[in-house]
Amino acid sequence: MSNQLEHQISLNRHHRALELDKVLHMLSKEAPCEDCAMLAEALIPSTDLGEARLLLQETSDAHMLIGRFGSPSFGGMKNVNGSLARAEAGGALSMRELLDIAEDLRVIRSLTEWRERCAGIETCLDDRFNALFPNKYLESRITSCILSADEMADTASPALHDIRRKIRAASSKVREQLDKMIRSPAYQRYLQDPIVTIRGDRFVVPVKAEHRGEVPGLVHDTSSSGATVFVEPISVVEANNQVRMLKSREDAEIERILFELSSEAGSFGQSIRRSYAIAMDLGLVFAKARLGYKMKAGIPLLSDDGVIDLKRARHPLIPADHVVPIDVHLGNGFDTLVITGPNTGGKTVTLKTVGLLTLMAMCGLMIPVADGSRVSVFGHVLADIGDEQSIEQSLSTFSAHMTNIIRIVDEANPYSLVLLDELGAGTDPIEGAALAMAILEHLREKGAHIAATTHYAELKEYALQTNGVENGSCEFDVKTLRPTYRLLIGVPGRSNAFAISERLGMPQSIVGRARTMVSGDSTRFEDVVQKLEQSRQAMEERQKEAEALRIAAERAAKEANERLERVQRERDREIERAREKARAIVGQARRQSELLLSELEDIRRQKDGEDFHQKLKEAKSSVGGKLRAMEEAADPVQRRKNEPYELPRALKIGDAVIIADLGTKGQVISLPDSKGNVGVQAGMMKTRVPLKNLRLDTSPKKPNRSNTRRVSKAPSRAEAKVTTEIDLRGMASDEAILELDRFIDEAVLTGIDQLTIVHGKGTGVLRAAVQKYLKGHPSIKTFRLGVYGEGEDGVTIAELK
């Protein structure tokens, strides 16, 4: 037992060196109650791969459930094991203890209900949730009887209800008697105050001390000044005695109820304790998940083959806005990593990050790394990090480090991860470097995985020359004299002492003299390292440029694909729009042809009439005109006439004109400006049109329908426009308004009373423009949206005046 305790203390020393205790303290802050926080502080990393994977899977499932359904509530739980033990032994619990048991039962019930709301998702936590034993009966029994830690409900039992009813009646009787006394003129002059108060659970009145003999009764108390005595008048002594007896019965009944509730709680003691323990375990798992959210952590792949591959790893105790993520791997191709570089460059932080994230994963905690990271489970994580100097033991820094390393060497085995900071430092450099290499060789012979930091050039050479040992370095920017905190594996680091000294202002003569004192081998080695560093930096720059070009090419390809898709969609829309127009044109031509055939049939039947020849002549003229109209309708492309045109006269304001390229009629509202542009109003739209694009409209004006009587013969059916619907879908607002204006003019000429305007639903922009135009048009009487069967919100039905 002693050896096991010493082993546990040793492990805890290594864990503290890696600051696992600080992470566990952060975890305890996420725990819902004191017992759960104690479990968090006492977490021990699991050395079994199966157990560690299960712990990590539990945290992952809790993390997923919190993300989808929120965190369950564990608040209010207290350890009631002691109270349950006394209840099982036959003791009576207090109201406070029973309320604590009821609160635990409420939380247990809420946990099962929360899991039921997350139905449909299986997790490895389901067995624990299913093992919870909610006891609604006992919970309701306690909460219905006990109102607070100091108050039992009247409804706790029929006997208690009856006793309290009698107490209230008896107390009311006493008060009535005393109220009569204090209001009586015979006694008022003897009273200090006309009030009824209580002393020792008995109703009394305050009497002036000098008139004590004037009020017969029992004295129960005296004021601090002695000027007042509290007297229980003889007339209410018996009634007070009755109240006192009833209160004694009340206390006895409350004790009986508490004993009964305690007995029931004791009968369920085992299930409550088991459910409480399960709830604490669940609380710890969900605390791990909440800590993972705060750290923005992930779930690593877990194995026991000694391979560590951390991607964008962050030390969890360094603020996120200060820490620099690192990539570090060990165990795949090499089992020993020698990290070199200048002081304050991040070597120690790298060691702690590797060790701490390994321990966290073994505890089932999520770790702050990128996806695809990998961690191994080790039997021991041994660390010599920090200043171990002990004044009490008269040990130097070197001696303290060696004492710790000796323990590590004894404990190391093939299942160990060993982390050594500044190996061999604190003594003669030559001896220290030799001792460091010997320690690494011995640990490697024992099969341990090792990460060590050093300043010794001998260890850099050792890593270059030894299979299974790899160099690593913490990058340092000599120009800014600041570390970048990037870890570079495969590249030995430089001390940069001479460069840093020069940048800080050390005289060139001193630095030059120092360089001459360095051995030729060391100088050549540093030169090789420098060339390697320069080659690496150049390669990284080329890699960055290539990556930037790749990203730009991918972006351009994506944009081109998106543009092609847009063009194809627009092409499809245009084709569909053309098809719809073609269908409308064919339909219109078909209707016109049917009317022509109908008129021809009428003429054939009237061939024997007197005016046959006149009608035949008119019909030929009408048929010729309608055929030309059908030809134009069959070709929707407006052919622009390029023949030269000269205005027969200068334009005047109010002239009716035709906009040649649009074929739209308008009215001149302003004469040509210096650029030759004329102001024209076409329907509701005002625009400026080049003078050469205008034609004087010489067609006869339409007579005023309200003031002119129709004396001409009614037009034939072939001459009437029968189109009552216009489709504006796919048009811009301005284009649609021009088409609508022309359509309404034609409808007015043909005497149509109702129009159907198809604008589609879409974003509603075209519908709003159409209805705004209709609202101001002088020929529109009313308009409304279509109903079911008419096109609903996609059409507007307009009625002409």
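Analyst: A residue is called buried if its relative accessible area is under 20%, exposed if over 50%, and partly exposed in between (1.4 Å probe, protein chains only). The model is predicted: local features need pLDDT of at least 70 and side-chain atom pairs count only at pLDDT 80 or more, while totals for chains, interfaces and linings use all residues. Residues are numbered from 1 along each chain as its sequence is written, and side-chain values use heavy atoms, with hydrogens and water left out. Helices (H or I, at least four residues) and strands (E, at least two) are DSSP runs, numbered from the N terminus.

The part to look at is Glu30 and the helix it meets. A salt bridge here is a side-chain nitrogen of Lys or Arg within 4 Å of a carboxyl oxygen of Asp or Glu. Glu30 makes such a bridge to Arg290, with the closest N and O atoms 4.0 Å apart. Glu30 sits in the loop between helix H2 (20-29) and helix H3 (34-41), and Arg290 sits in helix H12 (residues 269-295), so this pair ties together parts that are 260 residues apart in sequence. Both Glu30 and Arg290 are buried.

Glu30 has a salt bridge with Lys294 too, where the closest N and O atoms are 2.7 Å apart. Lys294 is also in helix H12, so this pair ties together parts that are 264 residues apart in sequence.

Now H12 itself. The helix has 27 residues and reaches 39 Å from its first C-alpha to its last. That is close to the 39 Å expected at 1.5 Å a residue, the expected span being 1.5 Å times one less than the number of residues. Of the 27 residues in H12, 20 are buried, and the helix is mostly covered. Just after H12 comes Lys296, with a positive phi of about 55°. Lys296 is in the loop between H12 and strand E7 (301-303) and is exposed, with a relative accessible area of 69%. Another positive phi in a residue other than glycine is that of Glu19, near 70°. Glu19 lies in the loop between helix H1 (2-17) and H2 and, at 15% relative accessibility, counts as buried.

In soluble globular proteins, nonpolar side chains tend to be buried together.

Contact means heavy atoms within 4.5 Å. Apart from neighbours within four places in sequence, Leu310 is in contact with residues including Ile326, Val328, Val354, Leu357, Ile367 and Val369. Asp327, Ser373 and Arg374 are also among its contacts.

Beyond this region, the whole structure holds 34 salt bridges. In one of them, the side chains of Glu422 and Lys347 meet at 3.8 Å, N to O. Glu422 is in the loop between strand E13 (416-420) and helix H15 (429-445), and Lys347 is in helix H13 (residues 347-362), so the pair links distant parts of the chain, 75 residues apart. Glu422 is partly exposed, with a relative accessible area of 24%, while Lys347 is buried at 4%. Elsewhere, salt bridges that share partners join Arg141, Glu253, Arg256, Glu260 and Glu264 into one network.

Two strands pair if DSSP finds at least two bridges between them. Strand E5 (residues 217-222) and strand E6 (residues 228-233) run antiparallel and are joined by five bridges. Val219 in this pairing stands opposite Val231 in E6. The hairpin of E5 and E6 has five residues between the strands, and Gly226 in the turn has a positive phi of about 85°.
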